[in-house]
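Biologist: I'm new to this one and would like to learn how to read it. Could you walk me through a few features, step by step?

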Amino acid sequence: MRLGLVVNPVAGLGGRVGLKGSDGADVQARARALGATPRAGKRAALALAEVRSRLGGAVTVRTAAGSMGAEAVAAAGLTPEIRYEPGSPTTPSDTRRAAAALAPRVDLLLFAGGDGTARDVLDAVGLSVAVLGVPTGVKMHSAVFGVGPRAAGEAAALTASGTVPLREAEVMDLDEDAVRAGRVSARLYGHLRVPDVPVRVQQRKTGGTVADPASVSGIAADLAARAAGPGPLVLGPGGTTRAIAAALGADVPVMGVNVLAGGRVAARDVSAAELEALVRASPAWIAVAPIGGQGFLLGRGNQQISPAVLRAAGRDRLVAVATEAKLAALGGRPLLVDTGDEELDDELRGHLPVLTGHGRTAMYPVR
């Protein structure tokens, strides 16, 4: 198999520190100042390690030099064949040029990044080559990513058999400046050809279902009862959790992770470090809602709820919330977790009670 790899080394840099994205040099500098560390290369290496475990030496990896690919290839125990030399620091134009240089020379082009990187790959290669994203960004609303790094590697290895069909998948992205200003504005930019492996390749994010006020108020009442003690209530992002906050008398932005205490907003847009300090100081409940269409409970847009935060709070204080209509819209597909900690992901998989209304829960599969 001739495999290509392009890594956006700054993808996802703003996630843990609560910046709602990583686009732009100013945002990346701020993220680093807040203590953010790159993770794209490590996740790309996990995907390649999965490819290597399945194909052994029957793979050639053509890539860009340094942090844009060669380092991840070497970390996976493979030998990189360098076909592009990026500038320093790397820019989106490097992503486009690297993708364009690799596309004619590979059977499948892997890229590690988020929705912005997917847009750059789309601009560079269009439908000329099969591609697949290793999810390393903040949002990843597009339907061109594996559900996790190893899942992307598995799908890539399956493609080597020549029996996996391809499908055209949507490339979506949010306007990050609008999100930071409190407006959610998504747009379809085009389509890329990806391996059609439904269990391993994620769906695109869809618009939220109309929330049933009775269900939302019931969920809010149950959460209020659970958080009646001294500990705060942490709400993940999304329309469902925003509606729950409103039912509790609080106004929070639809994006970002927010903290309520005593029915009032105690903190907005908190980072992973701030959350970890908070949950270590006082027992906290953490409420998260799955992303519409995708089913992601953790790891998409809420990276502030990090493995350290989840372990400090305890699994029994993690509450999945969704109206019955939102669960039904998944069509039986499971909820998904991609926290960045494989051991924690394994602990969370199985079946999880989802709070759907006052005194109502549904046992739902998580994988």
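Modeller: Happy to. Keep in mind that this is a predicted model. Let's begin with burial: a residue counts as buried when its relative accessible area is under 20%. H141 has 9% relative accessibility, so it counts as buried.

Biologist: Where is H141 found?

Modeller: H141 belongs to the loop between β5 (130–135) and α6 (149–159).

Biologist: And which residues does H141 touch, leaving aside those up to four places away in sequence?

Modeller: Its contacts are D115, M172, L174, Q203, R204, K205 and Q294.

Biologist: Let's zoom out. Which domains does the domain assignment give?

Modeller: There's domain 1 (3–195) and domain 2 (213–366), according to that assignment. Their C-alpha centres lie 28 Å apart.

Biologist: How many residues of each domain are in contact with the other?

Modeller: Here 23 residues of domain 1 are in contact with 21 residues of domain 2. Another way to read an interface is by the area it hides. Between these two domains about 1,600 Å² is buried, with carbon and sulfur atoms giving 51% of that. On the domain 1 side, R16, K20 and V147 supply 37% of the area buried against domain 2, more than any other three residues.

Biologist: What about charges and polar groups? How many salt bridges does the rule find across the interface of domain 1 and domain 2?

Modeller: The rule finds two salt bridges across that interface. As for a salt bridge you can look up yourself, the side chains of R43 and D338 meet in one, at 2.6 Å from N to O.

Biologist: Which helices supply residues to the side of domain 1 that touches domain 2?

Modeller: Among the elements there, α2 (40–55) and α6 each supply at least two residues. Sorted by class, that side of domain 1 has 10 nonpolar, seven polar and six charged residues.

Definitions and conventions
Residues numbered from 1 in each chain as written. Predicted model: local features only at pLDDT ≥ 70, side-chain atom pairs only at ≥ 80, totals over all residues. Heavy atoms only, no water. Helix = DSSP H or I, 4+ residues; strand = E, 2+ residues; numbered from the N terminus. Buried < 20%, exposed > 50% of the residue type's maximum accessible area, 1.4 Å probe, protein only. Contact = heavy atoms within 4.5 Å. Domains from an automatic or database assignment. Buried area = accessible area lost by both parts, 1.4 Å probe. Salt bridge = Lys/Arg side-chain N within 4 Å of Asp/Glu carboxyl O. Nonpolar A, V, L, I, M, F, W, Y, C, P; charged D, E, K, R; others polar.
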